[in-house]
Amino acid sequence: MLTNHQPGVAEKHSEAPFYRPVADEADVFRAAARRGLPVLLKGPTGCGKTRFVEAMAHDLGRELITVAGHEDMTSADLVGRFLLKGSETVWVDGPLTRAAREGAIFYLDEVVEARQDTTVVIHPLADHRRELPVDRLGTTVPAAPGFLLVISYNPGYQSVLKNLKESTRQRFIALELDFPPAAIETEVVAHEAGIDLATARTLVTLGDAIRNLDGSGLREVSSTRMLILAGGLVAEGLSLRRAVQAAVVEALSDDADVVYALGELADAILPRT
Amino acid sequence: MTTGAERFRLLAMFVANRAVEIAETRPGEPSYTNGEVIFVASGRSADEQRREVLLQSALLGGGSLDPRVTASLRARPRLTRRYLSLEGRRVLAELADRLPLAAALRPDDQPATMTAGESLEKARGRTKVEEAPEWFGVIRPSRLLPTTSAEHGASPTRRDLHTQIDQLEAADDEDEDDEDGRPSERSKILKLFESPVSAVESLADYFRKLLGSARSPGNEDVGGHLQVRAGRRARAVGSNARPLPTRIRFTDDASPGAAVGVAGALFPEWDVHNNRYRPDWCRVVDFDLTDAADVSTGGVIHDDVLRRRLSRIGLGPKTLRRRPDGDDLDIEALIDLFVDLRSGHSPAEHVYSERRQLERNLGVLILLDASGSATDTDADGLAVHEHQRRAAATMVVTLEELGDRVAFYAFRSHGRHSVQLPAIKTFGQRFGALGRARLNQLQPSGYTRLGAGIRGAGEILKAQAGTPNRLLVVLSDGFPYDDGYEGRYAEADTHKALEELRTDGVACLCLSIGAATDTEALERVFGSAGHASAPNLAVLSPHMDELFLGALGELAAPQALTSQAAPARAAR
């Protein structure tokens, strides 16, 4: 099936996504959007990068086209390709070309997962030219006024081999997102998971405790997304300890020693039953 | 199942707010901490150990073991006990607000003090202080390690990140009292550039170099790393410098030696008695075995266990495009095909893409000991050489099937002027029936100058493997021995040769198969991780992946591809 090679998921959003700004990131983003400057979002996994872009797209009233970067992605997956229809070949725009034509926000998630020679196709769109050369058609697609390029990556867990090309990086304004402060994160967890503030606060305390462990041997720390998952389990009627075990402790490590140690930490921090 | 107290590590790290380890005390001793390790009483139940860990880490996190306080506790056991009792209650009460576990475990009474200083005052006084419960353990002021905030574990404070003027001035005073040698002359302005933040360090380095005030050798920072590299040609090198091998040029009447597969070099040898290299000492020659061999005798035992084990090493997924068949359509190729068809061409219909685990990046050279000592026979009448030969053939076949770059050389020596490395299979050749027959005809003779053999094989591996991960597997039965090459000298030279290879990014593994003689010398030379011995290969096969990975793991990281030989795998 040809659909196997359709890159990522292109989706539209109608209801306002919940995003709670932590600092001035929304202002910076809006300013960049007014100028059409491309934006690079950095931050650990599960801290709300994707949600932030969704909220911003809704706020600006533009369509959002999301593509997740992966190793097999070719530039044709972004720009477009000829497909066979009946006995003719028909050009089909890729998501990037479509976004450029329609003036949508193009969000390339986990950009370093894609090969570097693929990501260079965004260069002409990311600087003053604001156009996309489509060599197979022999044409150049100028970006419509509303077009905005957003890429994201996680500087933490990617290996040294996978890094952003310097020439790519320098075309973007960079916004660093991190896990929100405890008060805001509590609010977010409570809202997203549908649980009361006290439970959310306990979860956030645990998440903070795990994040601040120094040299714990964990590759990733407990993300906001993870805490929301745990909260969701609580909302479904599981006990807090069980929910934390399933959504946080077991999810963070496969190492039996670390799982036990995290369990001890969770036992200590969660309220005694 | 986690045995012992290690499971409380993360809890302790959280409470103490720094990196700590957990260990058990000797039986009968109470729990205590030295600031980096929390010792819990051994043989207690998990509940008891948990509260001991909690108290000791709370003391660390609550600032009770601050050096300023504990200094006055030294050699005053009664005061220390009173202080512990007060402080233990205080830190647990403080912790109880944010840690339900502490609330559940702490004694019921209210703490009598609010700060560590107040506790110390009160402990010094004459008021009655309740005895500490037994699980409070003890404070051992003398065991507490002097920790500075800059040490690992503690999070950096503002002061650490600040340019360290005050601390350097203190160090300066020490320099002046320093009696051995002159203190290094560094201007104070330069010190302003010093900061523990690594990004600034290079700048400081730069300025120091620029202004010509290098560090004095004794003043290396902890963990300082001095690189010895020279970009300039030196007139005379120190005796410790490793001489490079000198190439030997062979010429036949018509063609140079390289054309018929003969190459060689004069290699240095390490002289342990004089602690220096002997340059151009051993003549090592490698050549293709070209005897006409009886093909019918070649047979190789297949070892499925070995194959399974080795197949796990060094594998990465790789997408193959434009394949004649596969599990997915390669749309690019499909479109191109149709475009071509429409315009009148009819190319081959390679329109599928395949994703297979065959990105191998391991190059192995198997070096087989073909010296005379290998003719010893075992109880079944099979010579050691026979065992090794079979094992080597099996490994070569297995690795080749798996798609690794593999070469197979034998080695033997007759004194230092004739170290031979006959090639049974070079990296470029296939290990066909002819190769196998040649292997079977290989007659053991001569002696074992192991160091020279390893150096020669290492050169071949470095030049021809063309892979980032390179491994030298030596199949040998034991003691290195040759004319003027035995005992400590031989061991030291072999050890040195292995060291050189590891420095150059080549891993080494030694297998002794079928050897009845003791292989202690080899184990000493290769290290216990790099050596394994067994009566036959089948015994080792289940552990072969561990052995390979162990040897490769000794290298810090795979080296960059430096070889001129491109991997001949692009076509596959």
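Helix 12 of chain B, residues 331-342, holds twelve residues, which at 1.5 Å a residue should span 16 Å, and the 16 Å between its end C-alpha atoms agrees with this. The expected span is 1.5 Å times one less than the number of residues; helices (H or I, at least four residues) and strands (E, at least two) are DSSP runs numbered from the N terminus. The model is predicted: local features need pLDDT of at least 70, side-chain atom pairs count only at pLDDT 80 or more, and totals for chains, interfaces and linings use all residues. Residues are numbered from 1 along each chain as its sequence is written, while chains are lettered from A and ligands numbered from 1 in the order in which they are written.

The buried residues of helix 12 of chain B are Ile331(B), Leu334(B) and Leu337(B). Seen down the helix axis, they fall within an arc of 120° (taken over the directions from the axis to the C-beta atoms), so they line one face of helix 12 of chain B. A residue is buried if 20 or more other C-beta atoms, placed from the backbone, lie within 10 Å of its own, exposed if 12 or fewer, and partly exposed in between. The buried residues of this helix pack against strand 3 (80-85) of chain A and strand 8 (328-329) of chain B, contact being C-beta atoms, placed from the backbone, within 7 Å. Just after the helix, Gly344(B) has a positive phi of about 105°.

Most residues other than glycine have a negative phi. Arg130(A), however, has a positive phi near 50°; it lies in the loop between helix 6 (123-126) and strand 6 (131-134) of chain A. Arg130(A) counts as partly exposed because it has 17 C-beta neighbours inside 10 Å.

Key:
Contact = placed C-beta atoms within 7 Å.
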